[in-house]
Amino acid sequence: MRVYLDYNAGAPLRAEVHAAVGRAMSLCGNPSSGHREGARVRRCIEEARAQVAALIGARPPDVVFTSGATEGNNLALDGLLSPGDLLVTTAVEHASVLAPAAAFEAMGGRVVRLPVSSDGSLDWRHAAVACEERPRLVSIALANGEIGAVYDVAKMAALARAGGAHVHTDAAQAAGRLVIDVAALGVDLLSLSGHKIGAPSGCGALWMRPGVPVRAAIRGGPQERDRRAGTENFLGIVGFGAAAELAAQELASTAARMRRLRDLLWMLLRDALPDVERNGPTGLALLPNTLNVTMPGIAGESLLVLLDLGGVAASLGSACAAGSPEPSHVLLAMGASRDRARAGLRLSLGPETTEDEIRRAAVVITEAVRQIRREAAA
Amino acid sequence: MTAERVVVAMSGGVDSAVAAARCVAAGYDVVGVSLRLAPHGTGSCCSLDDFHDAAAVADRLGIAHYVFDFRDLFDASVVQPFVAEYLAGRTPNPCARCNQTVKFDHLWRRARELGAQHLATGHYARIGRHPGSGTPMLRSAVDPTKDQTYFLFMLGSRELERTLFPVGDSTKREVRAEAARLDLPVADKPDSMEVCFVPRGDAAAFVEREAPPASRRPGPIVDGAGAVLGRHEGVHRFTVGQRRGLQLGGGPARYVRRIDAAAGTIVVATSSDLACKGLIAEDVRWNGFGAPSPEQRLAVRIRHRHAAIPCSVTAVDRGRARIAFEEPGPLVTPGQAAVVYDGDYVLGGGWIAGELT
């Protein structure tokens, strides 16, 4: 049996989600149509909207379904910023924030990318100074998917709002792992991803505080209250709703369990491989499910392949289309060398991860490291 | 007993696809690996399409497939020396350099890390056995039109012991037919012919893009007596033996006889003036059997696809050898490999330093 430890790249479909999507597959009709079939589909979508809203303490009408967090992040940035504006973000955001930020910069916008320290934590002095420059938008992830760092978005939002800025947070990696409450965070925009919490990929959401003037990026229909045109991804949305409801119900128990198993994994690795190093913060500023480690002197690519051949799915930083990752921009921002930034092994757990899996994974990782070191010594 | 593991270098082309298929058929535990060498889109290889093709073949064969990022290594050990060689008035052979440093050294080390006992590639070459000692020796492919031993001369018995060339005893036609029979999605993919990282095969333009302008000096084109016949835009644009692109107006056909990079001079000659007695090779490796004796009748190949030239070999000091042609032969191109054959077998070789005078 394989051990799946790459939940931060995408979680397996939950059985409850599978069942909900299966039921929905027997329905037909365009939800914008006036007939009963369409209305039935419409009701399912609105039910899912309520389920997703409940996960983040929001009102359902403020949730806009998208194709995922990447679209949500693009929509938040592109929809709010105009040439000449200032965007404040961090050096460790997901590419779906950094790439629109770079495009905005190329079009004449100003961008401040806040640096992080060697454990991935934010420099608040820098943040405060940047927020005094009257940014139009501040975008900061609630949690980082590579190293699991959790950022104090509420504190950032307070700083930003004092300067008159709107605040966006990418909560794709936080959902199902942290309690999320849009009111407590004090943000205006919040992105979510379905497939990180066990929904099918291809569905996500952007929550928008009413009155925040986000320009639609996809036009050509009145769907999502004119904020995102196109016939809804009905099955994806139903799955997302079911997954969100499950995540909300389970959160307290699964977060504690994932934290215990993650800490067990770290302990097992440290006992077997005394020189293993941990990347990122520890304690409460860390997602309960994420462990990012470096084995000194070992090429991450070899390690990852040996894990895969040994039955453990993990990753180096974030997933990449070419199958061969660039050095992690997150580890680079934390001051790592290019080689070290290629070697950070990310192990991310999910609600269905078991202790037996963790123990087996620790054995496979240990064996892989020893195998590589044997060859290096030969 | 578990099967021995083989790492197959998969370029996304048909040869390495069939090589992988034959490893699977032979019962090995096969792991496919593609190397990211050049940045995407700069040349004919390492495009995302190539990786997708390799992955599709692996999928068809039911084997694992991974992409390793060797761009930094490739740049340092192949691309930058390629540029430096051109600027030094030589004509580099990046495929041989890549085999030497990237594929059969660095990739082999990776393969060992992955627990592999063998590295397989889709090269057209065979591994024979020395009749006396039985140690492995590089041997020409069955298909003489595809033989790639010229680019593999540096593989000694130690490397060959762990290497597999599964398509070396087939013709290209047979390889394509087998790919089609196995329904491999690359069966009809065209062969790549050019240096993989150089767009449109335009080495001069590539060097000009990579090298600082200060390193590209124009200079005179002169004849053997030193008379100036024309001007040129930089020695990197020329290769010994080249005829086209000299732009000397009318008169007899002239060829590049010699490149003097230090002086920035291209020396040309007419065809009556081109005979060459042989070459000096440097950085020579004799693959496990020491240098041949000068009495042996051998043959040397001085360019890929050129016929081997009968010769005798005399080892000199510091890894150098004098290779004398039996009869006056074609011009030799510094920077290219000189590969010594005894019939089908490769005894070793080195890099052409200059002409034998």
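Select F74(B), F82(B), Y86(B), F197(B) and F206(B): ring pairs join these residues into a cluster. Rings of Phe, Tyr and Trp (its six-membered ring) pair if their centres lie within 6.5 Å; planes under 30 degrees apart count as stacked, over 60 as edge-to-face and the rest as tilted.

The model is predicted: local features need pLDDT of at least 70, side-chain atom pairs count only at pLDDT 80 or more, and totals for chains, interfaces and linings use all residues. Residues are numbered from 1 along each chain as its sequence is written, chains are lettered from A and ligands numbered from 1 in the order in which they are written, and side-chain values use heavy atoms, with hydrogens and water left out.

Over all chains, the whole structure holds 11 aromatic pairs. Go to Y4(A) and Y7(A). Their ring centres are 5.4 Å apart and their planes meet at 65°, so this pair is edge-to-face. Y4(A) is partly exposed, at 32%.

Next, select F153(B) and W351(B). This aromatic pair is edge-to-face, with 5.5 Å between centres and 70° between planes. F153(B) lies in the loop between β6 (136-139) and α5 (157-161), W351(B) in strand β17 (residues 345-355), 198 residues apart. Helices (H or I, at least four residues) and strands (E, at least two) are DSSP runs, numbered from the N terminus. Both F153(B) and W351(B) are buried.

The charged end of R97(B) sits over the ring of W351(B), 3.8 Å from its centre. Such a charge has NZ of Lys or CZ of Arg within 6 Å of the ring centre and within 35 degrees of the ring normal. Finish at F68(B): the charged end of R110(B) sits over its ring, 4.9 Å from the centre.

Definitions and conventions
Buried means under 20% relative accessible area, exposed over 50%, partly exposed in between (1.4 Å probe, protein chains only).
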